Amino acid sequence: MSTPSELKSPCVTRNGMVKLPPSQPNGLGSASITKGTPAAKNRLCQSSSVPSILPPPPSSLPYHHHHHLDSPGMPNSAGSLLSSDLEPGMPLVGLKPSLRQLPPLTLPKPMLLERQLVLDEKLLNRLLWYFTTAEKCVLAQVCKIWRKVLYQPKFWEGVTPILHAKELYTLLPNGEKEFVSLQAFALRGFQSFCLVGVSDLDICEFIDNYPLSKKGVRSVSLKRSTITDAGLEVMLEQMQGLMHLELSGCNDFTEAGLWSSLNARLTSLSVSDCINVADDAIAAISQLLPNLSELSLQAYHVTDTAMAYFTAKQGYTTHTLRLHSCWEITNHGVVNMVHSLPNLTALSLSGCSKITDDGVELVAENLRKLRSLDLSWCPRITDMALEYIACDLHKLEELVLDRDQKFHHEQALGNGCPLLTTTGLSGLIQLQELEELELTNCPGATAELFKYYSQHLPHCMVIE
């Protein structure tokens, strides 16, 4: 429990808890932390800026005393004379002698009990589970004890801090830049990071300054960054615990960089909007990542040939394949894929605009273990494709046939799946294991169809 000397006056109490002023730093480091919600930027946590738990303001405290102060201009409560520099029981210098003999001020027992409860670590360890990530960020500022409890790694599992390049450095008085301290992140044990707009040098600085970077970081996402082949090689060599890698909008590394840097310990890889990725990149992935379980690829220049590069080992280990806007892939690529990766449980062909009903038939006949299938923005598929799905993919739990256009960056694809009709969509009631069906903007989706689904697929969430 905080001592009286640690009490700070700027905060206002409410129901035994502290409401911080808006200007108070929030103790998150120089980055936002997100978990499925938009990131909220936060400043670095400095231990000196975290206030202690405060008692209620003097004017509201029910202090008890046995002397009535009736001199002109004097307050009616001795508690109002106390400032942050004075402690209860100390002589009140400057007051007339009769007032210096006041007994020590004490809190009533109910208030003392409240203070004990809000500082009880066992209680806090259970209570603080019920708050969101954003709320935990604020609550960590209440006092040192709350911060100590909340800085346990168990409260931050699955949360990914987002670090922007411009926030990684502080400007010193002499004009030089200094890399920010990442100790507050290390205390919370973050194993996943998203780095935005970083260079090779920024990545090296991150590795040198984050205490858990060598062994403790499991996932890294690089977005809109200028990482080169050399930077990619250094990162994957130094970060020995890295298992999940995402490269998005990174146009300075090449396929040669993938050949020289990819490590067999990677089990998940996502590459999108990287202009130097083509068939040879898939060859590097297939040869160097035998333990790959999940691959997400958005590349305009990948062809059918690349789908035949996957090895027999990956045929057993790879269960998720997402191909987004791979415009050059046709039904021939689907033939190669279903034979190379027969154990897929999740497949996305979203935006692969050359796929037709024949390609969907190959998927339905050969990938019977599928639990999730995404065919959004495949404008050539018809009701026949839906019939193949309904007849063969009985274990399907999620099916996406169209998406809201505002969430798709390829407007040239038109209106998603315009050839699907109400009749074809009604046949999907055969998929009794279906839990989620997305038909956003699908022209065949009508009010009558949704009513039909509610009767025959009562446990399925239909996204209109």
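This is a predicted model: local features need pLDDT of at least 70, side-chain atom pairs count only at pLDDT 80 or more; totals for chains, interfaces and linings use all residues.
Me: What makes the contact between lysine 148 and glutamate 121 a salt bridge?
Reply: The N to O separation of these two side chains is 3.3 Å. The cut-off is 4 Å between a side-chain nitrogen of Lys or Arg and a carboxyl oxygen of Asp or Glu, so the pair qualifies. The structure holds five salt bridges.

Me: Why is this pair said to tie parts of the chain together?
Reply: Lysine 148 belongs to helix α5 (residues 144-150) and glutamate 121 to helix α3 (residues 121-127), so the bridge ties together parts that are 27 residues apart in sequence.

Me: What about arginine 322 and glutamate 294?
Reply: These side chains meet in a salt bridge with an N to O distance of 2.6 Å. Arginine 322 lies in strand β12 (residues 320-323) and glutamate 294 in strand β11 (residues 294-298), 28 residues apart.

Me: How do you know that the buried residues of α8 line one face of the helix?
Reply: In helix α8 (residues 229-238), the buried residues are Gly231, Leu232, Met235 and Leu236. Looking down the axis of α8, they fall within an arc of 125°, so they line one face. As background, an α-helix has 3.6 residues a turn, so residues three or four places apart point the same way. The buried residues of α8 pack against α7 (200-209), β8 (219-223), β9 (244-248) and α9 (255-261).

Me: Why are α12 and α13 called roughly parallel?
Reply: The axes of α12 (residues 331-340) and α13 cross at roughly 10° and come within 9 Å. Angles under 35 degrees count as roughly parallel, so α12 is roughly parallel to α13. On the α12 side the contact is made by Asn331, Val334, Val335, Met337 and Val338, and on the α13 side by Asp358, Gly359, Leu362, Val363 and Asn366. By class, this contact has six nonpolar, three polar and one charged residues.

Me: What makes the phi of tryptophan 377 worth a look?
Reply: Tryptophan 377 has a positive phi of about 60°, although it is not a glycine. Most residues other than glycine have a negative phi. Tryptophan 377 is found in the loop between β14 and α14.

Me: Is tryptophan 377 buried or exposed?
Reply: Its relative accessible area is 2%, and buried means under 20%, so tryptophan 377 is buried.

Me: Where is asparagine 441, and what is its phi?
Reply: Asparagine 441 is in the loop between β16 (436-439) and α16 (447-456), with a positive phi near 65°.

How values were computed. Residues are numbered from 1 along each chain as its sequence is written. Side-chain values use heavy atoms; hydrogens and water are left out. Helices (H or I, at least four residues) and strands (E, at least two) are DSSP runs, numbered from the N terminus. Buried means under 20% relative accessible area, exposed over 50%, partly exposed in between (1.4 Å probe, protein chains only). The arc is that of the directions from the helix axis to the C-beta atoms. Contact means heavy atoms within 4.5 Å. Axes are lines fitted to C-alpha atoms, for helices over the stretch in contact, and angles run from 0 to 180 degrees between N-to-C directions. Angles under 35 degrees count as roughly parallel, over 145 as roughly antiparallel, 65 to 115 as roughly perpendicular and the rest as oblique. Ala, Val, Leu, Ile, Met, Phe, Trp, Tyr, Cys and Pro count as nonpolar, Asp, Glu, Lys and Arg as charged, and the others, Gly among them, as polar.
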